[in-house]
Amino acid sequence: MTEQPTAARIAAAALAILVDEGEGAVSMRRVATDAGITPMAIYKHYPDRLALLRSVADAAFAEVGAAWGRRGGDDFTSRFNGLLDDFLDFALGRPHLYAFLLTDRRERARRFPQDFGHEGSPIYRHVVAAVEEGMRDGVLREDDPLEVALSFTSSTQGLVQLYLGGRIGLPEPDFRELCRRTGWRIFDGIKA
């Protein structure tokens, strides 16, 4: 087995800390220790913590985005349910990474609407594509695909925030069903 390049080991160590403990636990010293290098050596690859976190965010978005959209069938309902399950698996399974990528304030984070189109967000693009397909197929009425996708995603993100904050007292399977029912209530309001 070949050894991972140092920059990749550093990024992997930072990601592991971020996933397990959250962004606040990611320090250059801690990352260097976990990557098996000296604290000063980390600066040969990343000039500062912000650059490291930016790199980790870009890689994590790409990884999460590549895994999304594989579930479901060819019809809008199956695709919508698959994307919802992908999102909930991510948000509930890796809550620190979810918060870092989608809810925490950070420099150069993607902003709606300019960064949310097909090329701007590796995650959101799947929802936009499903909405556009739903409009083409006559399942959804014609409207702005970015804003319709935002209608679906923002309600689910709000529910996830409440759930992760302990404000929704349901077991996870029941919470997932609540998200599904809420999504379909929105769908009923915008279907063709």
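Read along the sequence, the protein chain runs α-α-α-α-α-α-α-α, which amounts to 8 helices and 0 strands. Helices (H or I, at least four residues) and strands (E, at least two) are DSSP runs, numbered from the N terminus. The model is a predicted one, in which local features need pLDDT of at least 70, side-chain atom pairs count only at pLDDT 80 or more, and totals for chains, interfaces and linings use all residues. Residues are numbered from 1 along each chain as its sequence is written, and side-chain values use heavy atoms, with hydrogens and water left out.

Along the principal axes, the C-alpha atoms occupy a box of roughly 60 × 35 × 35 Å. Of the 192 residues in the chain, 42% are buried; buried means under 20% relative accessible area, exposed over 50%, and partly exposed in between (1.4 Å probe, protein chains only). Among contacts (heavy atoms within 4.5 Å) with a separation of 6 or more, 59% join residues 24 or more positions apart.

The domain assignment divides the chain into domain 1 (1-52) and domain 2 (68-190); such bounds come from an automatic or database domain assignment. The C-alpha centres of the two domains are 30 Å apart. Where they touch, domain 1 contributes 8 residues and domain 2 contributes 5 residues. The area buried between them is about 580 Å², with 72% of it from carbon and sulfur atoms. Buried area is the accessible area (1.4 Å probe) that two parts lose on being put together, summed over both. On the domain 1 side, Leu-18, Val-19 and Leu-50 supply 63% of the area buried against domain 2, more than any other three residues.

Helix H1 (residues 6-21) gives the largest share of the domain 1 side, 5 residues. By class, that side has 4 nonpolar, 1 polar and 3 charged residues. In this scheme Ala, Val, Leu, Ile, Met, Phe, Trp, Tyr, Cys and Pro count as nonpolar, Asp, Glu, Lys and Arg as charged, and the others, Gly among them, as polar.

Elsewhere, side chains of opposite charge can pair when their charged atoms come close. The salt-bridge count is 9. One of these joins Arg-180 to Asp-85, with the closest N and O atoms 2.8 Å apart. This pair links distant parts of the chain, Arg-180 being in helix H8 and Asp-85 in helix H4 (residues 76-93), 95 residues apart. Both residues are buried. Another pair, Glu-172 and Arg-176, has its closest N and O atoms 3.1 Å apart; both lie in helix H8, 4 residues apart, about one turn of the helix. Glu-172 is partly exposed at 33%, whereas Arg-176 counts as buried at 18%. Glu-21 pairs with Arg-30 at 2.5 Å between the closest N and O atoms, and Glu-21, Arg-30 and Asp-34 are linked in a network of salt bridges.

Helix H8 (residues 172-190) also holds Cys-179, which is buried, with a relative accessible area of 0%. Leaving aside neighbours within four places in sequence, Cys-179 is in contact with Leu-84, Leu-88, Thr-156 and Leu-159.

Pro-113 sits in the loop between helix H5 (95-103) and helix H6 (124-136).

Notes. Salt bridge = Lys/Arg side-chain N within 4 Å of Asp/Glu carboxyl O.
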